[in-house]
Amino acid sequence: MEPFSDPQAVARYAEGPPRQVPGFADLQRMVLLLLAERAPDDARVLVLGAGGGLELKAFAEARPSWRFDGVDPSAEMLDLARRTLGPLAARAILHHGLIDTAPAGPFDAATCLLTLHFVAREERLGTLRELRGRLRPGAPLVVAHFSFPQGEGERDLWLSRYAAFAAASGIEPSQAEKARATIAARLPILAPEEDEQLLRDAGFGTVSLFYAGFAFRGWVAYA
C-alpha cells in the first residue's frame with residue numbers, strides 16, 4: 001500500500017514534516033512572505049501537493065482574504081486536508097488528481113512544497129509548464145523539495161544527514177533509517193542546478209534560491 005493511501009500513515013502525516021524538514025515552520029513563513037510580495041489582498045492561490053493541508057492552513061490563517069485551489073493525487077490526503085482546515089475549508093476548493101485537474105486560472109501565485117521530488121524527471125518539466133500556464137504574468141511560484149548534489153557518494157551522504165536530522169528531531173532511529181532507504185530507492189531526486197534549469201526551461205524567470213536545509217532546497221520563480 002502506498003504511504004499516502006495507508007490510513008495509519010495518513011493519520012500520522014502531520015507529525016512528519018516538522019521533524020524531517022529543517023525549519024519547517026519558518027519555511028512556511030518564508031513562502032507566505034514571498035507570495036505576499038506580489039499577490040493582491042484578494043489573491044487566488046494554487047497549491048499543488050495540497051494533501052494534508054498544512055500549508056493551506058498556514059496560508060489561510062495568515063491571509064483571510066485569499067482563496068485557494070488545492071490539488072493532490074491522494075483522496076485520503078485531501079480528506080486529511082479538509083479536516084486540518086476545519087472551518088477554513090470554505091475558502092479552499094480541493095481537486096483530486098495531478099496538475100492537469102487544476103483550473104486554468106489565472107492564479108495570482110502558486111506553491112509546490114515537498115512534492116516535486118515524487119515526480120520523475122521527465123515529467124517535472126511538463127508539471128512546471130502546466131503551473132506556469134496557470135499563472136498571471138509576473139506571479140510567483142514557490143517550490144521546495146529534496147534537492148542535493150548527485151555526485152559519487154554525495155547522494156548517500158545527504159540522505160544519511162536527512163536521517164540523522166530526523167532521528168535528532170525525535171523520530172525513532174530505525175524509522176528514520178527505513179525512510180532513508182525508501183527515499184534512496186524510490187525518489188527521483190535531482191541536483192540543485194538541474195532543478196533550477198527545469199524552472200527556467202518551463203518559462204519561469206528570475207529563479208532565486210531562498211531556502212536550504214540539509215537535503216532540501218527551495219526556490220522562488222516568476223511567470
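Me: What should I keep in mind about the numbering and the values?
Reply: Residues are numbered from 1 along each chain as its sequence is written, and side-chain values use heavy atoms, with hydrogens and water left out. Since the model is predicted, local features need pLDDT of at least 70 and side-chain atom pairs count only at pLDDT 80 or more, while totals for chains, interfaces and linings use all residues.

Me: How many helices and strands does the chain have, and what makes something a helix or strand here?
Reply: There are nine helices and seven strands. They are DSSP runs, H or I of at least four residues for helices and E of at least two for strands, numbered from the N terminus.

Me: How do you know whether the chain agrees with a compact globule?
Reply: Take the radius of gyration over C-alpha atoms, and the globule rule as 2.2 Å times the number of residues to the power 0.38. For 223 residues that comes out near 17 Å, and the chain has 17 Å, so the two agree. The C-alpha atoms fill a box of roughly 45 × 35 × 30 Å along the principal axes.

Me: What does Asp-195 touch, and what makes a contact?
Reply: Contact means heavy atoms within 4.5 Å. Not counting residues up to four places away in sequence, Asp-195 touches Arg-124, His-145, Phe-146, Ser-147, Leu-190 and Trp-219. Gly-138, in the loop between helix H6 (121-133) and E5, is in contact with Arg-38, Tyr-222 and Ala-223, leaving aside neighbours within four places in sequence. For the chain, of the contacts with a separation of 6 or more, 74% are between residues 24 or more positions apart.

Me: What makes strand E7 mostly covered?
Reply: Seven of the seven residues in E7 (residues 216-222) are buried. In a regular strand the side chains alternate between the two faces of the sheet. Here Phe-216, Gly-218, Val-220 and Tyr-222 are buried on one side, and Arg-217, Trp-219 and Ala-221 are buried on the other.

Me: How do you know which strands pair with E7?
Reply: Two strands pair if DSSP finds at least two bridges between them. Strand E5 (residues 140-146) has seven bridges to E7, in the antiparallel sense, and strand E6 (residues 205-213) has six, also antiparallel.

Me: Which residues count as charged, and how far apart are the mean positions of the positive and negative charges?
Reply: Lys and Arg count as positive, Asp and Glu as negative, with His and the chain ends not counted. Each charge is placed at NZ of Lys, CZ of Arg, CG of Asp or CD of Glu. That gives 24 positive and 28 negative charges, with mean positions 3 Å apart.

Terms used
Buried < 20%, exposed > 50% of the residue type's maximum accessible area, 1.4 Å probe, protein only.
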